[in-house]
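Thank you for making time this morning. I would like to walk through one model with you, going from a loop to the core, then to some aromatic rings, and finally to the DNA.

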Number of protein chains: 2
Amino acid sequence: MTGEQQARKRDAAATKAALLDAAEELFAERGFDRTTVRDIAKRAGANQALLFRYFGSKESLFGVVMARGGLAQLETTPPEQLFETTLRTLLEPPRDGSPHRSLETYLRSTGSSGAGTAMHEQVGEEYARVLATLTDQPDAQLRADLVLAWLLGIGLVRSVTGKEPLASADPDDIVRLIRPAVQTLLERNGQPG
Amino acid sequence: MTGEQQARKRDAAATKAALLDAAEELFAERGFDRTTVRDIAKRAGANQALLFRYFGSKESLFGVVMARGGLAQLETTPPEQLFETTLRTLLEPPRDGSPHRSLETYLRSTGSSGAGTAMHEQVGEEYARVLATLTDQPDAQLRADLVLAWLLGIGLVRSVTGKEPLASADPDDIVRLIRPAVQTLLERNGQPG
DNA sequence: CCGGTTTGTAAGCACCTGCTTACAACGCTA
DNA sequence: TAGCGTTGTAAGCAGGTGCTTACAAACCGG
């Protein structure tokens with residue numbers, strides 16, 4: 001709820017931005033399916049017809065939201081810090097002005113629309129590609145997928161299902177437990193049997 | 001030739017079972033939200049009004065489906081094999097007569113209804129409790145949650161988003177890569193800093 | 001055969017969904 | 001100031017949702 005409903009009288013750019021912000025929040029909180037265009041318009045303080053005028057459809061808006069900030073963190077974080085940085089972002093409560101919440105949206109929108117699928121592929125591919133640079137082992141891609149899977153699983157258990165003690169655990173403790181295990185995964189040769 | 005639809009003429013028990021089977025399949029395939037009561041009734045070859053007569057509501061049916069077979073694997077698998085067994089179940093394509101698909105449903109129904117939340121808590125709690133017996137370290141519960149998170153994350157990336165190379169990887173390879181990392185997670189003392 | 005109960009069916013209700021349309025209010029500019 | 005494109009609004013549409021109701025057909029004990 002941006003409290004400037006009266007302040008913005010005739011400003012298409014601001015309305016578009018408000019719709020995008022509201023959509024980003026709601027998609028991250030509820031996923032694609034359980035977010036309605038009426039909810040988005042209401043939170044943005046705009047008429048829902050404008051959503052369709054500016055973005056065409058709900059799916060198209062979803063795509064714009066994902067494209068806008070989905071990969072920002074990825075581009076500004078060195079690979080060797082990506083795992084820990086992403087993990088901490090996922091673990092900390094969403095602050096204003098924090099990186100965009102693409103992984104959360106990824107989680108909450110599993111099994112949703114076609115737009116969701118395309119987004120899944122893109123976001124997952126990008127993260128895994130960077131993570132794969134962290135190991136010289138032959139199965140680099142697969143190992144990277146497993147790291148990504150862990151990130152997503154932690155986000156799932158923590159922010160979606162709220163399972164304790166994980167949900168309330170100190171991010172430092174989680175990082176301390178996980179780091180050596182990830183190191184094992186990335187560095188150890190696969191051994192037969 | 002009498003068609004199979006007439007074969008079950010007046011048999012409430014069989015109709016209930018058919019509805020349960022259909023619901024279990026569809027919830028696992030699409031999650032709670034994207035499964036409609038009309039779909040369930042259609043796959044079961046039954047009238048949708050019967051679904052409400054026998055189960056009261058869609059949410060209630062969901063609860064019955066989860067309660068029916070959700071924890072079967074948990075009760076018949078020794079703790080030290082639980083991780084690998086569950087992982088392999090998650091990795092293999094669903095066969096007929098295979099264990100119930102509670103974790104898949106868990107995944108696909110994230111962020112769904114209240115019934116989904118209750119189920120999430122129950123299933124997650126049971127798995128984590130058993131997994132926690134695998135370590136003597138102080139943070140046993142937290143470590144168990146992290147193992148569970150990895151399981152769910154792998155299921156998510158593999159069966160929901162279909163990301164390659166994980167989606168098509170040999171289960172043996174995945175197990176070989178993951179086992180030492182899980183061992184590290186469970187056995188290693190948390191070290192400060 | 002009769003009456004009541006159980007099982008199955010078709011139709012519909014009230015609500016929600018994404019999306020569209022018709023129109024009013026505004027502000028630029030000629 | 002008159003005209004006109006732009007921005008915002010209210011109302012509604014077509015289809016889908018969970019769920020209910022009214023009723024017919026089958027079964028069973030008497």
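Let me begin with A:Pro165, which lies in the loop between helix H9 (140-160) and helix H10 (171-187) of chain A; helices here are DSSP runs of H or I with at least four residues, strands are runs of E with at least two, and both are numbered from the N terminus. The peptide bond that leads from A:Glu164 into A:Pro165 is cis, with omega near 5°. In chain B, the bond from B:Glu164 to B:Pro165 is cis with omega near 5°, and B:Pro165 sits in the loop between helix H10 (140-160) and helix H11 (171-187) of that chain.

Before going further, some housekeeping. This is a predicted model, in which local features need pLDDT of at least 70 and side-chain atom pairs count only at pLDDT 80 or more, while totals for chains, interfaces and linings use all residues. Residues are numbered from 1 along each chain as its sequence is written, chains are lettered from A and ligands numbered from 1 in the order in which they are written, and side-chain values use heavy atoms, with hydrogens and water left out.

Now the core. Which residues touch the most other members of the largest nonpolar core? Among its 76 residues they are A:Trp150 and B:Trp150, where a nonpolar core means buried Ala, Val, Leu, Ile, Met, Phe, Trp, Tyr and Cys residues joined through side-chain atoms within 4.5 Å. Buried means under 20% relative accessible area, exposed means over 50%, and partly exposed lies in between, using a 1.4 Å probe and protein chains only. Leaving aside neighbours within four places in sequence, A:Trp150 is in contact (heavy atoms within 4.5 Å) with residues including A:Ile178, A:Val182, B:Leu146 and B:Trp150.

A:Leu146, found in helix H9 of chain A, is buried at a relative accessible area of 0%. Not counting residues up to four places away in sequence, A:Leu146 touches A:Leu185 and several residues of chain B, among them B:Trp150, B:Ile154 and B:Leu166.

Turning to the aromatic rings, there are seven aromatic pairs over all chains; rings of Phe, Tyr and Trp (its six-membered ring) pair if their centres lie within 6.5 Å, with planes under 30 degrees apart counted as stacked, over 60 as edge-to-face and the rest as tilted. B:Phe27 and B:Phe32 are stacked, at 5.6 Å centre to centre and 20° between the planes, whereas B:Phe32 and B:Phe62 are edge-to-face, at 5.0 Å and 85°. In chain A, A:Phe27, A:Phe32 and A:Phe62 form one aromatic cluster.

The charged end of B:Lys58 sits over the ring of B:Phe32, 4.3 Å from its centre, the criterion being NZ of Lys or CZ of Arg within 6 Å of the ring centre and within 35 degrees of the ring normal.

B:Lys58 also brings us to the DNA, being one of the closest of the 22 residues that surround DNA strand D, where near means a heavy atom within 4 Å. Sugar and phosphate account for 46% of the atoms of DNA strand D that come within 4 Å of the protein.

As for polar contacts, pairs of N or O atoms within 3.5 Å, the side chain of A:Thr15 has an N or O atom 3.0 Å from a phosphate oxygen of DNA strand D.

Note on methods
A polar contact is a pair of N or O atoms within 3.5 Å; within protein, one must be able to donate a hydrogen and the other to accept it, and residues adjacent in sequence count only if both atoms are side-chain atoms.
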